[in-house]
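Please open the structure in your viewer and keep the selection tool at hand.

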Amino acid sequence: MSLWSNIHTYNGEYFYNLGKEAFSMMEELFPICRSLTGNGNRQTLEYISNIIPISLYQIDSGTNVFDWNIPSEWNLKSAKIIAPDNKIVCSSNDTNISVVGYSEPIDEYIDLEALKKNIHTIPDMPDTVPYVTSYYKRRWGFCMTQNMLNSLKDGMYRVIIDSELSPGKMDYADLIIKGATSNEILLSTYFCHPSLANDNLSGLILSAIVMREMLNFSDELKISYRAVFVPETIGAIAYLHENKDVIKNNVIAGIVATCVGDNMDTVTYKRSRIGNSVVDRAAEHLLKTSIENHKIIEFSPIGSDERQYCSPGFNLPVGSLMRTHYYDLPCYHTSDDNMSTISPENMGKMIHLYMRLFNLIENNYKWIRSDGGMCEIQLSKRNLYPSIGIQPHNRSAAKHVNWAMNMADGEHDLLEIANISGLPAWELLDIMIKLEEAGVIKKCHEE
Ligand code: ZN
C-alpha cells in the first residue's frame, strides 16, 4: 500500500519526522529580511527551489495588475537609531522587524519628540516589538518595545535607514503537479513577512513539503495540484491577473496555507465564500471526525489571500486551514511570533492533515449499483459480508457495507454518505473500493 492510498492511517512517526524537518528549514529561513519584493524574497524562493522544482517568475515594478500597481523594489541593508550618548537603541541586526517595512532611506539627526512620531510600539505588550509595514505610502519608521521607548532620554538622535526603494521586480513562484485530469487543487501561500515564524514561514514550508511528498506519487494522483508562492495580497493579485483563465477553469478546490505551526491544540478551518464546496465539506468532515479541538468559521473578506481568490469575479472554492486563527494569537504580527511558538509535532500533524484533505477531495466520487439496485444483493456469497449473522465483533463491518451499498445510488458522494451514516469517509472509501473490485458497484462519471 502506498503512502497516498493509505494516507488516513499512515504511520504518525513519518509525519512527526517531516514536522521536525520543517522546523529546521524554518529556522534557516527565519533571519532573512523578506517583504513584498527584494533580495530576501529571491533568497527565500531559491531555498524553496532546493526542496521542490518551482518555476520562478518576476514582474516589473509599475506593472498594472487589475486595479493595483506593482510597487518599487525594497532592499534594506541596515537600520539603527543612535542615542545622544552614542548607544544604539534600535537595530535591524537584532530583528529585521525593527524597521517599518518599505521605509525610505534616511540619515538625519532629530530630537526625541520628532523621533517618537516615527516609532511604533504595543503599549499593552511592553516587551514586544510590533510588525509594521507601509507599502503604498512613503514613510520611514522603527518598531521597538514600549519599555525601550519609555527609557529614551531627551536629546538629538541619529536615525539611519540604509535602504533602497526603486523600480525593480517582484518575485513569485509556482509548481504544478500533473495528475490524471486537468482539474486542480490550489495550495496558495505567502512569504512576504520577514522574521515571523508562524505567520508565515510555517505555511510556506508546509506547502513546500506537502508538494515534495505529493511529487513522490504523482502517477497516482487523480487530479492536478498547483502550489502558489507569492507575497501576500499584491502577489496573489498579480498571480490571478497572469493566470486568470486557467485558474477559473481548472481550480475545483483550494486552500490558503497560513499559521499552521503554533504550539496550541486547536485546528481551524475558514470556509470559502461558496461555503459548501467540496473543500469546505471535506475539511469540515475531516476536522469533525479526527480533531477534538476544532473550529470551523465562516468566510469573511478579512484575512489572507482568500480575499482575492474569493473576490466576486473569481469566487473560487478556496478556504484556509490553520491551527489557531491568526487573530486569536496574541503573538500575531509581533516579535513574539518567533521559533519558540512553533511545535515541530504540530507542523507534522498539519502536513498530514493537508494531505488527508487533498486525498478526500480526490476520492469524493459517487457510486451506483451495477445491478440497478432493487433490494439488497446477497453479499455473503461474494465474501463481502459476514456469513454467520451479525455479532458485536462484525457489526461495524456490516454497517459500513450496508451504508455503502444503500448509498450507491448515483446521487450521494462520499462525503454525503459519510455524513448521513456517521462513518468516517476514509473507512467508507475502503469498503467502496472493495465493492467496486467485486463488481457490485461502479463509479459514476465524474462531473
Ligand atoms: Zn500576516
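A residue is called buried when its relative accessible area is under 20%, and exposed when that value is over 50%. The model on display is a predicted one.

Select Cys 331. Its relative accessibility is 12%, so Cys 331 counts as buried. Cys 331 takes part in no disulfide, and the nearest cysteine sulfur, belonging to Cys 259, is 7.9 Å away. A disulfide requires a pair of cysteine sulfur atoms within 2.5 Å. Next, select Cys 310, which is also buried, with a relative accessible area of 3%. The closest cysteine sulfur to that of Cys 310 is again in Cys 259; the separation is 17 Å and therefore too far for a bond. By this rule, the count of disulfides is zero.

**Second stop: the zinc ion.** Which residues coordinate the zinc ion? Select His 193, Asp 199 and His 333: the two histidines contribute their NE2 atoms and the aspartate its OD, at 2.0 to 2.1 Å. Along the chain, the donors are spaced as H-x5-D-x133-H. His 193 and Asp 199 are both buried.

Now select Tyr 354 and Phe 358. The largest nonpolar core has 90 residues, and these two touch the most other members.

Is Asn 216 buried or exposed? Select it in the loop that runs between α5 (197–215) and β12 (224–230). Asn 216 has a relative accessible area of 59% and is therefore exposed. Then display the C-alpha atom of Trp 4 together with that of Asn 216: the two are 212 residues apart along the chain, yet the separation is 9.3 Å.

Select residues 414–421, which form helix α11, and residues 425–437, which form helix α12. The helices pack at an angle of about 115°, and their axes are 9 Å apart. The crossing of α11 and α12 is right-handed. To inspect the contact, show the side chains of Leu 414, Leu 415, Ile 417, Ala 418 and Ser 421 in α11, which meet Ala 425, Leu 428, Leu 429 and Met 432 in α12.

Key. Residues numbered from 1 in each chain as written. Predicted model: local features only at pLDDT ≥ 70, side-chain atom pairs only at ≥ 80, totals over all residues. Heavy atoms only, no water. Core = buried A, V, L, I, M, F, W, Y, C linked by side-chain atoms within 4.5 Å. Buried < 20%, exposed > 50% of the residue type's maximum accessible area, 1.4 Å probe, protein only. Donors = N, O, S within 2.8 Å, 3.2 Å for Na, K, Ca; no water. Helix = DSSP H or I, 4+ residues; strand = E, 2+ residues; numbered from the N terminus. Axes fitted to C-alpha atoms, helices over the stretch in contact; angles between N-to-C directions. Left-handed = near helix turned anticlockwise from the far one by under 90°. Contact = heavy atoms within 4.5 Å.
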